[in-house]
Amino acid sequence: MSVDFLSTDQQKRFGHFAGVPSNDQLARYFHLDETDHQHIRSRHGDHNKLGFALQLGIVRFLGTFLSQTDEVPPGVVAYLAHQLSIQDPSCLQKYQDQVRWRHVREISKVYGYRVFHDQPGHWQLVRWLYIRSWLGAERPSVLFDHATAWLVKQKILLPGITTLGRLVSRVRDRTTAKLWQVLNNATSIDQRARLEALLVTGGENRQSDFDRLRRSPTRVSRRGLLEAIERLEEVRGLGVGNLELSQVSLGRLDALARYAHAAKAQAISRMPEDRRLATLLAFARELEVRATDDALDLFDVFVKALLSQAESQGKRRRFRTLKDLDEAALRLAEGWQALLEGNFSSLEDLWGAVSKRVSTEQLAAAAHAVLALARPREDHNYDDLLRRYRTARLVLFPLRKTFELQANKAGRLVLQALDALATIEHRPPIRDDEVPLKIITPAWRRLVHSSPGEIDRRAYTLCVLEQLRESLKRHDVFVRKSKHWMDPRAQLLNGTAWETARPQVCRMLRLSPTADEELSLLRLELDETYRKTAAHFPKNEAIRIEEKDGHDALVLTPLDALDEPDSLIELREDVAALLPQVDLPDVLLEVDAWTGFTREFTHVSEGSSRVRDLPISVSAVLIAEACNLGFAPLIRADISALTRGRLSWIDQAYFRGETIRAANARLVDHQASVPLALQWGGGDVASVDGLRFVVPVRTINAGPNPRYFGPGRGATLLNVTSNQFSGFNGPVIPGTLRDSIYILAALLQNETSLRPVQIMTDTASYSDLVFGLFRLLGYRFCPRLADLGGARLWRTDRTADYGPLNSISRHRINTDRIVSHWDDMLRVAGSLASGTVPPDELVRTLQGGGKPTTLGRAVAEYGRIPKTIHLLNVIDDEAYRRQMLVQLNRHEARHSLARLTFHGRKGELRQPYREGQEDQLGALGLVVNAIVLWNTRYIELALGHLRAQGKAVRDEDVERLSPLGHGHINFHGRYYFALPEEIQQGDLRTLRDPDKQDL
């Protein structure tokens with residue numbers, strides 16, 4: 001049985017030192033206590049004492065004994081020699097094998113180390129592996145590492161690497177076979193037949209239902225929405241959505257479904273029957289959730305488009321009638337002016353004076369025109385929306401029939417209105433007592449109650465349609481079998497799970513278990529910040545208070561650009577001149593040689609499918625995606641790693657979100673270990689911003705914004721950049737960013753070793769609630785505000801005297817609200833930190849569409865404290881403002897490099913599905929990180945070269961260097977001008993065979 005699932009790194013470090021142990025590892029595994037010293041003292045000679053101590057530390061650290069002590073890092077030997085007061089560690093060379101074997105037996109006996117095959121230890125390992133493999137979906141290589149750690153912890157000596165690898169493979173194969181059997185036994189004969197029928201090809205396109213159903217909808221139209229609903233009904237018709245599978249872990253089901261979505265139908269049809277049916281069952285169950293989300297996503301985009309179209313048409317119509325409205329308004333104004341200028345003794349005199357300027361007929365016509373053309377403030381051009389009643393009706397009722405909509409207290413009215421509409425369909429005019437009236441918003445009231453005592457069916461239906469969309473977005477109305485549209489509150493830690501996790505959450509997030517203790521600390525920090533800012537205020541020339549609209553407001557002078565000394569300019573030029581000229585493929589292959597990031601690209605089957613020259617194929621696919629070129633420029637029929645079939649297979653089987661994130665984590669972690677990167681920053685500061693792309697293809701995952709996308713639509717990639725210039729991606733958002741809640745989602749998706757605490761953003765929407773959530777999760781939210789004067793400063797002590805700041809800090813925080821909701825706030829923070837609930841969906845629920853829940857108001861109240869502290873620091877500390885500016889400039893420079901890299905196809909994102917967009921932009925982020933790492937290493941090499949030549953290199957200049965330069969990197973490939981001899985002689989090339997994929 002093969003164990004080639006193990007990477008080269010795993011094989012090298014199994015039972016061996018992979019490097020120099022850290023100080024923490026030395027203290028944990030190689031520290032000698034009094035008992036150890038007692039056993040060591042009885043040895044004769046320093047070499048035997050040191051040898052015994054070394055074998056003891058090695059078995060604790062590695063889980064096995066070493067026969068060759070020369071592979072032990074010198075630092076380990078020196079650490080032990082120091083504890084034993086041995087002056088000359090080189091005496092270890094006298095340590096003999098015969099004595100070593102005696103020490104091994106003695107250590108095993110005294111310290112309780114057991115042989116691998118001894119019982120019950122071996123049986124316990126098998127049981128532990130079986131349970132972990134059954135409950136989780138870990139790859140064999142990950143399971144192997146966990147098994148190694150378990151053996152070390154249990155004091156069971158490591159066996160040979162092949163022995164343990166084969167055991168892991170056998171156990172995992174057993175659990176996989178059992179999984180297939182359980183899933184097969186859960187289905188009936190009819191259900192199996194329906195699942196098998198998914199793979200049957202037929203029709204004009206020779207396409208299977210399997211391939212057809214797994215394609216998400218892209219058409220934003222009534223027909224597209226109805227087709228999405230029909231797709232969901234067809235998936236439900238397979239009849240496997242409600243099977244009882246509680247004994248199967250969700251992780252194993254998700255892994256099977258993930259493989260099914262990536263694999264070809266032909267590959268699944270060739271599987272053994274039990275595996276094939278299990279895979280199809282997992283696929284069908286997951287597809288029901290995905291189809292539900294797709295249909296509701298499309299409903300959201302469709303209704304938004306209806307409202308937007310009505311708004312646009314209303315504006316155009318209003319623009320066309322502006323002249324008529326102006327003329328009528330001027331007529332009325334002229335008549336009113338006559339009233340104001342005169343002094344009339346009778347009504348007849350009044351009308352006479354008015355009539356001399358404007359006739360009664362003209363006044364009546366003008367008043368009629370104003371009433372017909374003018375619109376109240378709350379009007380949203382719903383008159384134009386009424387023309388789309390038939391479209392709305394045709395999608396609203398199938399939606400209510402298809403989805404098992406549920407609601408909390410705030411959303412029940414919407415479901416009652418939907419049910420009422422269904423009962424009065426095709427009935428005469430609707431009376432007020434037949435439908436819920438509280439759902440009617442002020443903007444709709446005029447159109448719904450067009451006749452006294454009656455309800456306009458069209459207006460009421462469209463009002464319900466709009467309110468259903470808003471309730472779904474707030475999750476007041478929700479669907480159980482969904483990821484995007486479920487009830488986030490149901491995902492929060494609750495009951496026993498919360499009581500168990502509560503102490504750990506408080507420790508992890510460094511929050512006080514009681515509100516009084518937490519508030520006392522925050523009050524102290526807020527008061528100290530106020531007093532420090534007030535004390536510096538008279539000498540702070542960058543800030544002043546001016547009266548604005550009857551209130552005092554802050555005015556902050558923008559920062560001046562930092563001067564660049566000649567030494568910095570010269571250093572940049574010298575470094576740039578030394579950097580080697582390199583092609584982008586060479587950058588990726590060289591960085592892979594340093595980091596091994598391509599090893600993170602594993603086969604979707606979670607098996608051991610490793611192929612020859614995988615780094616070359618992976619690098620080629622990365623360039624195809626990151627440079628937006630497609631495969632064509634990279635295909636070489638004469639190189640097996642670069643054929644079209646090979647690249648297509650690698651893209652399909654190896655490229656997915658989890659592998660891209662794992663590979664990216666390797667690059668970020670390696671960057672953090674480079675000394676030059678540590679000069680730029682410690683990784684505790686990061687910025688978050690959006691990179692926008694035009695999306696010219698038909699998709700529901702794009703939105704309009706004329707400022708960024710012109711007349712088309714686009715998407716925004718939210719990404720995080722550390723002060724070490726490395727970064728990681730967040731979600732892809734249709735359109736442009738509207739709320740900083742997505743920033744929180746990006747940070748919580750972080751899988752790298754970076755743990756940024758201070759989060760900086762450019763001028764973006766923010767709220768007190770978001771400040772509160774960031775603080776609860778241990779982040780310092782630091783947005784750069786465009787209008788400081790419009791921001792509010794809050795205080796907890798009404799009587800505190802803050803001198804010049806008193807006039808702008810009159811608002812008081814309601815601490816009682818925080819106290820009464822503190823446990824729920826901790827529960828929200830713990831649930832977000834543990835990943836049990838999506839942050840964007842939960843925040844949207846707390847916000848309540850402009851009407852925050854009571855818990856949302858409590859979090860917002862809490863957030864006003866860190867927000868005020870941030871504003872005071874902005875006012876008082878120029879270095880704080882400068883730090884934000886420098887980091888945001890770094891982020892913008894990284895975006896410029898990303899745009900340069902993504903140069904193909906006019907820089908447009910042409911992926912129709914969200915997963916495809918995120919995977920391609922994930923590849924872009926990975927390639928940018930590879931460039932950053934390559935540049936960092938070579939800049940460091942260049943600086944060393946300059947210092948060796950005697951050139952003065954100032955640390956303050958080095959800190960302002962950037963690894964985002966690209967003039968030395970060739971992104972566009974190379975052209976070759978060589979013809980085959982027969983072509984030179986005038987022969988023509990052979991025509992291409994359409995049936996062959998390779999060029």
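Predicted model: local features only at pLDDT ≥ 70, side-chain atom pairs only at ≥ 80, totals over all residues.
**Helix α12**

I started with helix α12, residues 222-236: its 15 residues reach 21 Å from first C-alpha to last, close to the 21 Å expected at 1.5 Å a residue.

Next I looked up which residues of α12 are buried, and got Gly 224, Leu 225, Ala 228, Ile 229, Arg 231, Leu 232 and Val 235. Looking down the axis of α12, I see these buried residues within an arc of 150 degrees, so they line one face of the helix.

What covers the buried residues of α12? My list includes α11 (209-213), α15 (273-320) and α20 (389-402).

**Aromatic rings**

I then went through the rings and ended up with 19 aromatic pairs. I checked Phe 771 with Phe 781: the ring centres are 5.0 Å apart and the planes stand at 65 degrees, so I call this pair edge-to-face. Phe 771 belongs to helix α34 (residues 768-776) and Phe 781 to strand β15 (residues 780-783), so the pair ties together parts ten residues apart in sequence.

**Charges over rings**

Last, I looked at two charges. The charged end of Arg 864 sits over the ring of Trp 794, 4.0 Å from its centre. Lys 155 lies over the face of Tyr 113, 5.7 Å from the ring centre.

Terms used:
Residues numbered from 1 in each chain as written. Heavy atoms only, no water. Helix = DSSP H or I, 4+ residues; strand = E, 2+ residues; numbered from the N terminus. Expected span 1.5 Å × (residues − 1). Buried < 20%, exposed > 50% of the residue type's maximum accessible area, 1.4 Å probe, protein only. Arc of directions from axis to C-beta. Contact = heavy atoms within 4.5 Å. Phe/Tyr/Trp six-rings, centres within 6.5 Å; stacked < 30°, edge-to-face > 60°. Lys NZ or Arg CZ within 6 Å of the ring centre and 35° of its normal.
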